[in-house]
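Welcome! Here is a short briefing to read alongside the sequence and the 3D view.

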2 protein chains.
Amino acid sequence: MGDLNSRAIGVFDSGIGGLTVVRALMERLPFENIVYFGDTARVPYGIKSVETINRYALQITKFLIKKEVKLLIVACNTMAAVAFEAIKGVSPVPVLEVIGAGAAAAAARTKNKTIGVIGTPATVNSNAYARAIHRIDREVRVFSRACPLFVPLVEEGWLDHAATRLAALEYLRPVLAEGIDTLVLGCTHYPLLRPLIADIVGASVSLIDSAEAMAEIAAGLIVREKLGNPSETPPAYHFFVSDVPYRFQTIGESFLGRSLPHVEMVKL
Amino acid sequence: MGDLNSRAIGVFDSGIGGLTVVRALMERLPFENIVYFGDTARVPYGIKSVETINRYALQITKFLIKKEVKLLIVACNTMAAVAFEAIKGVSPVPVLEVIGAGAAAAAARTKNKTIGVIGTPATVNSNAYARAIHRIDREVRVFSRACPLFVPLVEEGWLDHAATRLAALEYLRPVLAEGIDTLVLGCTHYPLLRPLIADIVGASVSLIDSAEAMAEIAAGLIVREKLGNPSETPPAYHFFVSDVPYRFQTIGESFLGRSLPHVEMVKL
């Protein structure tokens, strides 16, 4: 069991975005080793079909299982939305995913039972947040909106640009018109737009960051299943990507909120 | 020779954008058969590394050569910029690419020998347009600017949106400040933004559409090499993509300027 406990948590994403989940895990579980895989050669997933997303997700799952992780976290909302069952089907270790985490946090927060969800086209089309929220409370009304430009805007670094504000106003207007009191940031890139989004939606709407919710749920599972790493030395963090990591390294630090250690390229 | 002449022109792109080249070819060479491949599962290429772009480009080249094309056209500026030599190295048929075409048209058009080029980060970083222009005229000054948001803005359909205008103003301002009289639209998505870009740069700057320039050069080669299809019946157009073609079909029609026939999915 000592051996199992010292194993890493495997986190995977279509690219850079999952680093916001790694950041939340580092802060919530500071003694856990982490292995990250970002599919930077094939990012973004949000505009791909269900079949292709499933195929790629299973390749990544197999890669991380070979790394002998003790727990898998699907940090990519798109993969969580469409490939979670397939991933669970091949994984010998527990699998958690961001959508369940964000849905639970949002259902606990809303007072007027009216929740907004923003995400990529694939996430929104899958309707996975609405299903996850209704598994908890069938009375909640969910209003979703795809925001396809948010990922490229974040990656361009235009976190407070006038063009980003115009895009956000256009995307958020119909959701706000439904009287939501809670808004799920249903894509790992969106926490970087949190200040701008908070400014647009106003103080009466609570923002749910799926990355933070995910870390909280992972911490709960680790305590419950007695999976915690007993070591109190600084843990090891390994980052793998599928393309040359130059861009990952440059942009990644703003997602991780700290400098990135060595990043290794692998071909799946 | 009759057999060779009736073969199709192979056109390939990272996704949908190359359809602007197909459109120009359909209009300039209305009796030629065309086989198109769009790598929609792995689009976009503009933010990938040189190594990855080369690997993917060679997979596509092999696919089209198996389709027995008589001529290959690299419609994707990014692949043309970084993988043209590798593609030529494995192709038994002539290979043309959009960058040489756009560069020649721009060099012929400029009066003050000052040309602007806009494209994806990979195209701009490669400096391929500047080299292609300098092969024609070493006195021309070239000013390039990557516009990473233009592709997602076009795919969102925001061709005349205020956010697109703000992004275009920001991207074009430094290029215009150099006193260019010619601007190359160095990405196959950009012709859809032509009205908005023309409005921003004003009548004193000529816009060069690489797709149109490409069709002109292909027509020249076909006459010179006596490769023209002698048939005068409506030609066959075949479209292959690497992801489920739902989105390709929906968005593609605005690129092609007409309805898309059957689109087939293949795995490379």
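Helices (H or I, at least four residues) and strands (E, at least two) are DSSP runs, numbered from the N terminus. This is a predicted model, in which local features need pLDDT of at least 70 and side-chain atom pairs count only at pLDDT 80 or more, while totals for chains, interfaces and linings use all residues. Residues are numbered from 1 along each chain as its sequence is written, and chains are lettered from A and ligands numbered from 1 in the order in which they are written.

**Chain A as a whole**
- Chain A holds twelve helices and ten strands.
- The C-alpha trace of chain A spans about 50 × 40 × 35 Å along its principal axes.
- The radius of gyration of chain A, 18 Å, agrees with the value near 18 Å for a compact globule of 268 residues; it is taken over C-alpha atoms, and the globule rule is 2.2 Å times the number of residues to the power 0.38.
- Of the 268 residues in chain A, 52% are buried, meaning that 20 or more other C-beta atoms, placed from the backbone, lie within 10 Å of the residue's own.
- Among contacts in chain A (C-beta atoms, placed from the backbone, within 7 Å) between residues at least 6 apart in sequence, 78% join residues at least 24 apart.

**A closer look at A:Ala122**
- A:Ala122 sits in helix H6 (residues 121-126) of chain A.
- A:Ala122 counts as buried because it has 25 C-beta neighbours inside 10 Å.
- Leaving out residues up to four places away in sequence, A:Ala122 touches residues including A:Tyr45, A:Ile53 and A:Val82.

**Where chain A meets chain B**
- Chain A and chain B each bring 20 residues to the contact.
- On the side of chain A, the elements giving two or more residues are helix H3 (50-66), helix H8 (150-155), helix H9 (162-176) and helix H12 (246-256).
- H9(A) gives the most, with four residues.
- This side of chain A has twelve nonpolar, two polar and six charged residues; Ala, Val, Leu, Ile, Met, Phe, Trp, Tyr, Cys and Pro count as nonpolar, Asp, Glu, Lys and Arg as charged, and the others, Gly among them, as polar.

**H9(A) packed with H10(A)**
- H9(A) and helix H10 (residues 194-201) of chain A pack at an angle of about 50°, with axes 10 Å apart; axes are lines fitted to C-alpha atoms, for helices over the stretch in contact, and angles run from 0 to 180 degrees between N-to-C directions.
- H9(A) and H10(A) are therefore oblique to each other, since angles under 35 degrees count as roughly parallel, over 145 as roughly antiparallel, 65 to 115 as roughly perpendicular and the rest as oblique.

How values were computed
Buried ≥ 20, exposed ≤ 12 C-beta atoms within 10 Å, placed from the backbone. Contact = placed C-beta atoms within 7 Å.
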